[in-house]
Amino acid sequence: MPDLPVVHVVGTNGKGSTAAFFASLARAHGLKVGVFTSPHFLTMRERVQINRAMLSQARWVELANAILSAPAGAELTYFEFQTCLAMLAFRQERVDVAVMEAGLGGRFDATNVFAPELVLYTPIGMDHEKVLGDTLAAIARDKAGALRAGSCGVTGPQDPDALLELENRAEAVGARLMYAVDMAEPVAARRLGIPGIHQTVNARLALAGWRWFAAGHDLKSETDKEIFGLETAFLPGRFQRVDVDGREVILDGAHNPHALAALKAALAASGSEPGCVIFSCMEDKDLDAMVPMVRDLTPGPVLAVPMAYDRACRTERLAETFGEKAVVLDSLEAALAEGSKYSSPTLICGSLYLLADFYTLYPHFLTA
């Protein structure tokens with residue numbers, strides 16, 4: 001079987017959305033598309049999808065056993081195992097393109113072993129500092145490592161320090177780095193299946209990447225199919241508005257300052273002011289930087305709730321950091337009940353793991 005075309009999506013925020021937009025564009029043009037994303041909400045099977053459908057449980061187990069029985073298969077890390085399972089599924093199912101979302105880095109990320117022909121760079125910001133480095137330049141340098149000799153990268157808007165690292169890497173290895181603004185026109189937020197004004201950046205990047213990919217594979221990118229692809233993209237937990245017992249709840253996975261800034265812009269553009277925010281985060285996050293941004297999302301209280309994860313930030317610390325604006329509750333259910341007292345929407349943000357707790361209660365919101 002010929003090598004499978006791989007599109008690698010790397011960055012800090014917007015990776016999942018960009019992967020979803022690209023996959024939707026490819027599907028709209030008749031391609032069979034495999035997508036690997038992380039993390040999942042309710043089941044690991046969410047991470048590996050073909051034409052937006054999860055593998056069956058039996059198929060997933062079959063692939064898992066094949067990997068674990070291979071030499072050194074049992075020595076793989078959790079993320080390496082998932083990555084291998086995704087690529088094995090994509091090859092066996094003969095997808096036309098595999099869209100691989102990086103984990104937290106670039107140079108040493110498990111998804112960087114497949115020699116992608118195209119790397120899409122979403123905005124790079126501060127996150128996972130203990131692993132990638134404590135400066136934006138260091139983080140960008142790691143993510144720039146996804147570029148290889150002879151490969152092509154397309155980037156969306158970047159901080160100058162981050163862009164410099166991408167350009168330096170491209171020059172050093174003989175890769176080509178292009179800019180989405182030169183390859184695709186702006187897209188309107190109202191025409192996007194994944195809502196939020198910030199998604200226009202991710203959609204434009206995906207559209208630019210798709211057009212380059214299509215041209216390289218003798219495919220004609222058609223305007224009506226591009227529009228349909230962008231309009232029908234879906235990804236749960238990205239400024240997702242749902243109705244819970246007659247009241248509006250906004251779900252957003254914003255979990256770092258860069259994403260919280262995008263969330264604030266999306267709220268302002270949509271004319272929404274949450275009556276309260278239900279919040280929790282992981283212990284390794286820069287809480288001091290996030291707190292004033294979360295406070296600024298609502299005139300009401302911040303409802304701090306626990307999460308059933310070892311690395312979750314304790315509610316005592318959240319209460320101490322948020323101060324008088326914090327209301328500590330013992331469960332997400334209690335916070336949702338508290339939120340129902342306000343006429344404005346309830347916003348849930350701070351961690352994808354917190355959204356996973358929500359989807360455990362309301363699993364039907366995981367699909368379009």
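## A pair of tyrosines

(Buried means under 20% relative accessible area, exposed means over 50%, and partly exposed is what lies in between, using a 1.4 Å probe and protein chains only.) The model is predicted, so local features need a pLDDT of at least 70 and side-chain atom pairs count only at pLDDT 80 or more, while totals for chains, interfaces and linings use all residues. Residues are numbered from 1 along each chain as its sequence is written, and side-chain values use heavy atoms, with hydrogens and water left out.

Rings of Phe, Tyr and Trp (its six-membered ring) are paired here if their centres lie within 6.5 Å; planes under 30 degrees apart count as stacked, over 60 as edge-to-face, and the rest as tilted. That rule gives 12 aromatic pairs. Tyrosine 309 and tyrosine 353 make a tilted pair, because their ring planes stand at 55 degrees, with the centres 4.8 Å apart. This pair links distant parts of the chain, 44 residues apart: tyrosine 309 sits in the loop between β12 (302–304) and α12 (315–322), and tyrosine 353 in helix α14 (residues 352–361). (Helices, H or I with at least four residues, and strands, E with at least two, are DSSP runs numbered from the N terminus.)

## An aromatic cluster

Another tilted pair is formed by tyrosine 362 and phenylalanine 365, with 6.2 Å from centre to centre and 45 degrees between the planes. Are these two residues buried or exposed? Both tyrosine 362 and phenylalanine 365 are buried. They also belong to a cluster linked by ring pairs, together with Phe41, Phe358 and Tyr359.

## The six-stranded sheet

Next, have a look at the open sheet of six strands, which has mixed pairing and the order β9-β10-β14-β11-β12-β13. Its edge strands, β9 (240–244) and β13 (326–328), each pair on one side only. (Two strands pair if DSSP finds at least two bridges between them.) On average, neighbouring strands of this sheet are turned by 25 degrees against each other, direction ignored. (Axes are lines fitted to C-alpha atoms, for helices over the stretch in contact, and angles run from 0 to 180 degrees between N-to-C directions.)

β10 and β14 run parallel and are joined by three bridges. Leucine 251 has isoleucine 348 in β14 as its bridge partner. Helix α12 packs on the sheet and touches β11, β12 and β13, and its direction makes about 160 degrees with that of β13.

## The buried side of α13

Which residues of helix α13 (residues 332–339) are buried? Leu332, Ala335, Leu336 and Gly339 are. They lie on the same side of α13, because they cover an arc of only 100 degrees around the axis. (The arc is that of the directions from the helix axis to the C-beta atoms.) An α-helix has 3.6 residues a turn, so residues three or four places apart point the same way. The cover over these buried residues includes β10 (247–251), β11 (276–279), β12, β14 (346–349) and α14.

## Serine 280

Serine 280 is placed in the loop between β11 and α11 (287–295). It counts as buried because its relative accessible area is 0%. A polar atom of its side chain lies 3.0 Å from the backbone oxygen of valine 305. Leaving aside neighbours within four places in sequence, serine 280 is in contact (heavy atoms within 4.5 Å) with Val305, Met307, Cys313, Leu318, Cys349, Gly350, Ser351 and Leu354.

## Backbone spots to check

Most residues other than glycine have a negative phi, and most peptide bonds are trans. Here, the peptide bond from serine 38 to proline 39 is cis, with omega near -10 degrees. Proline 39 lies in the loop between β2 (33–36) and β3 (48–50).

Alanine 115, although not a glycine, has a positive phi of about 50 degrees, and its place is in the loop between β5 (97–101) and β6 (118–121). Aspartate 218 has a positive phi as well, near 55 degrees. You will find aspartate 218 in the loop between α8 (199–216) and α9 (223–231), and it counts as exposed because its relative accessible area is 76%.

Terms used: A polar contact is a pair of N or O atoms within 3.5 Å; within protein, one must be able to donate a hydrogen and the other to accept it, and residues adjacent in sequence count only if both atoms are side-chain atoms.
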